[in-house]
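Try each task yourself before reading the solution.

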Amino acid sequence: KPFVAPEGAAQTRKAELKKQSMQEVRRSLPIFPYREDLLAAIHEHQILVIEGETGSGKTTQIPQYLLEDVRGMKIGCTQPRRVAAMSVAARVAQEMSVKLGNEVGYSIRFEDCTSERTVLKYMTDGMLLREFLTEPDLASYSVIIIDEAHERTLHTDILFGLIKDIARFRSDLKVLVASATLDTERFSCFFDDAPVFRIPGRRFPVDIFYTKAPEADYLEACVVSVLQIHVTQSPGDILVFLTGQEEIEACCELLQERCRRLGSKIAELLVLPIYANLPSDMQAKIFNPTPPGARKVVVATNIAETSLTIDGIIYVIDPGFCKQKSYNARTGMESLIVTPCSRASANQRAGRAGRVAAGKCFRLYTAWAFKHEMEESTVPEIQRTNLGNVVLLLKSLGINDLIHFDFMDPPPHETLVLALEQLYALGALNHLGELTKLGRRMAELPVDPMLSKMILASEQYKCSEEVLTIAAMLSVNNSIFYRPKDKVVHADNARMNFVVPGGDHLLGNKPRCCANCSHDVFLAQWLESGYSTQWCYENFIQFRSMRRARDVRDQLEGLMDRIEVEVVSSQGDSLPIRKAVTAGYFYHTARLSKGGYKTVKHQQTVYVHPNSSLFEEQPRWLIYHELVFTTKEFMRQVIEIDSGWLLEVAPHYYKSKELEDSSSKKMPRKQGKTKEELG
Ligand code: ADP
Ligand code: MG
């Protein structure tokens, strides 16, 4: 052909331009002038701490510099958050003009987007931790970057200890510890006085405004502030920090509604959410440049604090809260609580407004609260979480003496002891604290010990088919149904179709017409519909959550071979399923008492979440999946059990005396008998 089609030429030209401009952006980043010095420092030292303002190019550029410098390297770069791992990998693949998953890939739990060709792998810190199980010296890596070190997640903290250890005998391994401008001296100190390489940031001044009085409703205050900025302030995008998906969705809805009402009286406002469970195509949208004349508002969790940088932000709205795990080491209860963020966090948030030009940060709290009510910095996760998972992992790695593990900040002694006790009660450790065969199998599954135990128990109760579905559904459960404001009744009716007597876990496990068909109604019916979006739509079910549940289930089912569990169905009988759940979650037992439920071991008052199918039924004994503290301590995802099973599945934990039911005669159950009672 003598001519290239003009359209094709235009497209090639466009791609060329895009590539050029991307290279220009790369060269404009604060880290770029330090490229050579940085590479020299990495060559010189085995362990290097790198400190740089958020957005200076640490995460996206350093691995590329290394790959451009030395051929044949394999680099692993950890991120505390899934979204960051995915998004950064996508960006770097784009910058390197390769297909995501080939040379550049990412690995997050239940999703591996890498191949044999992958030389740069972004992954969550938890995934790298699991890689120690198959490759204890990380032999295939030449460089490990522990990124976002200042976040001090549990997994990052454990990685510190393990990687410091292997670096001693793997002199060829380079270790980079990258952090925002926080705490770098401590990292250096922990890694035997490793040098700190500082990338000077460019920061424009940020004016900070406080409210005169505390805000009663910070969500509403956010919405009002966004609109005020939009109407009165000069161009520039807005970033709002909220605590989680529900809040973010509510805020976005409110904003869209009010903009619609104002119509053409105001300029266009693009409202974009970002949170962990947001599908990746939606995530990518926050990075699209704002069209001229319009303004963008990104409503984010604290993922936008340091993990992701969105260019063009001039205004930050900070209500001053974040969602935090908190753990009571006495009772072993973990809950998610919305709490005031730390001053360090607040300052990072404000910093987001000054990256491209002078900016403004609107704090929706008083200057007094900032000074007196907020903590200086966030307590490392290792000191406020259940350690069952990592203790099991460390034991599997042959690390028996946990008291003397090289922790940067050690966990509270009671927490460590409690984790050992819980693993013992689950049967993962013997009385000497050594890993049992069951424990070894449990560690093979990339889930929490209780969930792992539940799956393994399904072997004995011959219901692994259903339990796998439950495990998958639990991993997405808060986002399965959707409930549009204008169709609440329809949505609730649709939901009722899936309710199964006995509890939320069984939701979607409703036995069908004949004994031979599959029981996992959700996934099975959806499969029948050809995984159709229409079916989800008609049933008010979130297609994306279903897709994720399906993927999680497939992955778990793929692991059943490894742990030698046969995949069989209980043929419509819910009893074995509930026993398997009990075998994993017997710690989470609550008993009906006056005015609510009380946890069996610690007599803490808890309530059934109003969204639960057992909210009205109130069975005498139940097991919850998780506790969430909002207005009260709510149990989310509950299932009815028989107290007798507790002795069967956890004889070393429960004594029959504790389970005696003094109130049994006074409080007859309203409905729903167990099969045992019936038969
Ligand atoms: P740091 O790790 O130092 O905080 P990054 O390497 O993450 O910095 O970011 C460098 C630049 O790359 C920033 O300007 C940011 O906006 C840009 N960037 C990062 N990820 C993306 C993305 N997915 N899409 C577009 N730009 C991105
Ligand atoms: Mg980064």
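**Exercise 1: the ligand shell**

Find out how many residues surround ligand 1, and which are the closest.

Solution. Keep in mind that you're looking at a predicted model. Start by counting: 17 residues surround ligand 1, and the closest are Lys58, Thr59, Thr60, Arg91 and Phe287. Next, look for helices. H3 (58-69) and H4 (82-95) each supply at least two residues of this shell. Finally, sort the shell by class: you get four nonpolar, 10 polar and three charged residues.

**Exercise 2: the largest nonpolar core**

Work out which residues touch the most other members of the largest nonpolar core.

Solution. This core has 172 residues, and the ones to pick out are Ala89, Leu176, Val177, Val240, Met454 and Ala471. Helix H4 gives the most to the core, with nine residues. Now zoom in on Met454: leaving out residues up to four places away in sequence, its contacts are Val467, Ala471, Ala580, Val581, Ala583, Gly584 and Tyr585.

**Exercise 3: strand S16**

Explain why strand S16 is largely enclosed by the rest of the structure.

Solution. Check residues 359-363 for burial: five of the five are buried, so S16 is largely enclosed. Then look at directions. In a regular strand, side chains alternate between the two faces of the sheet. Here Gly359, Cys361 and Arg363 point one way, while Lys360 and Phe362 point the other.

Last, find the partners. Strand S9 (residues 206-210) pairs with S16 in parallel over five bridges, and Asp207 has Lys360 as its bridge partner. Strand S13 (residues 313-318) also runs parallel to S16, joined by four bridges, with Tyr315 opposite Lys360.

Key
Residues numbered from 1 in each chain as written. Chains lettered and ligands numbered in written order. Predicted model: local features only at pLDDT ≥ 70, side-chain atom pairs only at ≥ 80, totals over all residues. Near = placed C-beta within 6 Å. Nonpolar A, V, L, I, M, F, W, Y, C, P; charged D, E, K, R; others polar. Core = buried A, V, L, I, M, F, W, Y, C linked by C-beta atoms within 7 Å. Buried ≥ 20, exposed ≤ 12 C-beta atoms within 10 Å, placed from the backbone. Contact = placed C-beta atoms within 7 Å. Pairing = 2+ DSSP bridges.
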